[in-house]
Amino acid sequence: MSTVRTLVRETPPEAPLEVRRIRADFPALLQEVNGHPLVYLDNAATTQKPQVVIDCVRNYYERDNANVHRGLHALSMRATEAYEAARHKVQRFINAGQAEEIVFVRGATEAINLVAQTFGRARVRAGDEILISEMEHHSNIVPWQMLCEETGAVLRVVPMDGRGELCIEDYERMLGARTRLVAVTHVSNALGTVNPVEHLIARAHSAGAVVLVDGAQAVPHMPVDVRALDCDFYVFSSHKTFGPTGVGVLYGRHELLESMPPYQGGGEMISAVTFEKTTFREPPARFEAGTPNIAGAIGLGAAVEYLEHLGRDAIMAYERDLLSYGTAALAEIPQVRLIGTAGEKAAILSFVLKDIHPHDVGTVLDTLGIAIRSGHHCAQPVMQHFGVPATCRAALAFYNTHEEIDALAAGIRQVVKVFA
Amino acid sequence: MSELDELYQQLILDHYRRPRNRRTLPQPDRTAEGYNPLCGDHVTVFLKMDSGVVKEVTFEGSGCAISTASASLMTETLKGKTLAEARAIFRRFHGLVTGQPQEPPTGPGLGKLEVFSGVRKYPARVKCATLAWHTLDAALENRGDVVSTESDEL
């Protein structure tokens, strides 16, 4: 345990963020790409890792590596202690009521699949309705389609408007006695829209529906309090939260998790096995079959501590400033059309550049050392809504600067020149 | 020449801005449709054959500069070629853009298609350059399915 704790900086959080100093925490940011300083604006795909996270994973493998929850030897006890400490850190980070409500999975995608395959199979019947939104990532569409196919339930899609805001009146109209579950994103990965999830949850609960919130794009950028939201399930990924890849979190309300059948069978999740019958453990162990991603979970623990140290309100305030600076910078380029202009937005700038294909934009920007995402962002229905095959997406994080946005704007002007 | 200029050579930009043979061919002998789900690019290739020779070849669809220019230059190159020549050029072109040249090269040379040599430095863009060609290949084979860059055989 001491390995994790001593690596976290002892100084009190500074407000506002000292971005110069923060950038020095991220070794990957300090490199040149194609002869230019790297401008990393692909943070909605994955974020860079601070040194404390890298050191933490390295320390685990160098000193504590052992399997968890079984060995009686010193290393196994250290590994178990660190793994469970990470669970407590995540619990505190999203203000869950107890650590047993935190299930470690591979990522947000697996967390949603877990809920679909356990809660869904046990509780969703033919004729029931599952409500999702038009702006969902494929990972919050496909598992529900699969469940509907299996159960005979009906998938219904709440539309969004031309700005990329959810149509709340439609949502309220579509909620009803048949609605078993609402699965909705907190922040749209393709548009940046911040959904009023607290309101959506309250309305769903009055209709008797359970709510899963996809927080993959919210947790890294704003304070999240699952108890204040009153959601039933909340999912996010470590690698988008400045932690290691291959680990993610399912938060589930304890009484719900307790009522759910296991997800996968194997070691770690059982109380006793005979060939006649197996009894399963209580959550979260029931849902963590096999050896988990121990290093990943411990690294995620270090990442959330790092974010708490910076201050999540300070992060949000800084990114809000970045967003308005970036929005203004792009608005000055006449060929840019912003896709997603919701009133409440996270720091995501999705855009198209006249009829220049986003792949060409991405390639030219890459030669300038600027990393953006070009494509459909695993949200093809969003692309269809806006009538574009793909968009360019600059997704900002707290380590980005005004200078980097200036570099993006200059790069876009160069793209226009090349393809004019 | 910078890497960027090497990728987007003037000839490519010219064919992107003014694609040749971008039109539907009425009553084609063969046609096939290609799709790259990663970027949403769609292309349809139309062929008119005359005793084993490509009499006319056109395309419809829109995509990025690389895929549009590639389709356009493909149609220019293949007109008047035999089936066997067309397939040989495809193999050689594929070798050029993937950086795994076919050894030894057989059949006619690539001519103007050499401008796509810069693509090999951008593995993510190889599919843009080859979409129209895979689609053409399907048309030559008279395969009915939509060609997808994400299917296993490509």
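This is a predicted model: local features need pLDDT of at least 70, side-chain atom pairs count only at pLDDT 80 or more; totals for chains, interfaces and linings use all residues.
Residues are numbered from 1 along each chain as its sequence is written, while chains are lettered from A and ligands numbered from 1 in the order in which they are written.

User: What makes helix 5 of chain A roughly parallel to helix 6 of chain A?

Analyst: The axes of helix 5 (residues 108-123) and helix 6 (residues 142-151) of chain A come within 9 Å and cross at roughly 20°. Axes are lines fitted to C-alpha atoms, for helices over the stretch in contact, with angles from 0 to 180 degrees between N-to-C directions. Angles under 35 degrees count as roughly parallel, over 145 as roughly antiparallel, 65 to 115 as roughly perpendicular and the rest as oblique. The crossing angle therefore makes helix 5 of chain A roughly parallel to helix 6 of chain A.

User: Which residues meet between helix 5 and helix 6 of chain A?

Analyst: A:Ile112, A:Asn113, A:Ala116 and A:Gly120 in helix 5 of chain A meet A:Pro143, A:Trp144, A:Met146 and A:Leu147 in helix 6 of chain A. Contact requires C-beta atoms, placed from the backbone, within 7 Å.

User: Why is helix 13 of chain A called oblique to helix 15 of chain A?

Analyst: For helix 13 (residues 358-367) and helix 15 (residues 402-419) of chain A, the axes come within 9 Å and cross at roughly 120°. That angle makes helix 13 of chain A oblique to helix 15 of chain A. Residues in this contact include A:Val361 and A:Val364 of helix 13 of chain A, and A:Val415 and A:Phe419 of helix 15 of chain A.

User: How do you know where the largest nonpolar core lies?

Analyst: The largest nonpolar core has 165 residues, and those with the most contacts inside it are A:Val235, A:Leu250, A:Ile298 and B:Val45. Such a core is a set of buried Ala, Val, Leu, Ile, Met, Phe, Trp, Tyr and Cys residues joined through C-beta atoms within 7 Å. Buried means 20 or more other C-beta atoms within 10 Å of a residue's own, exposed 12 or fewer, and partly exposed in between, with C-beta atoms placed from the backbone. Domain 1 (13-42 + 312-419) and domain 2 (60-308) of chain A both give residues to this core, so it lies between them. Those bounds come from an automatic or database domain assignment.

User: What share of chain B counts as buried?

Analyst: Of its 154 residues, 42% count as buried.

Notes:
Helices (H or I, at least four residues) and strands (E, at least two) are DSSP runs, numbered from the N terminus. Two residues are in contact if their C-beta atoms, placed from the backbone, lie within 7 Å.
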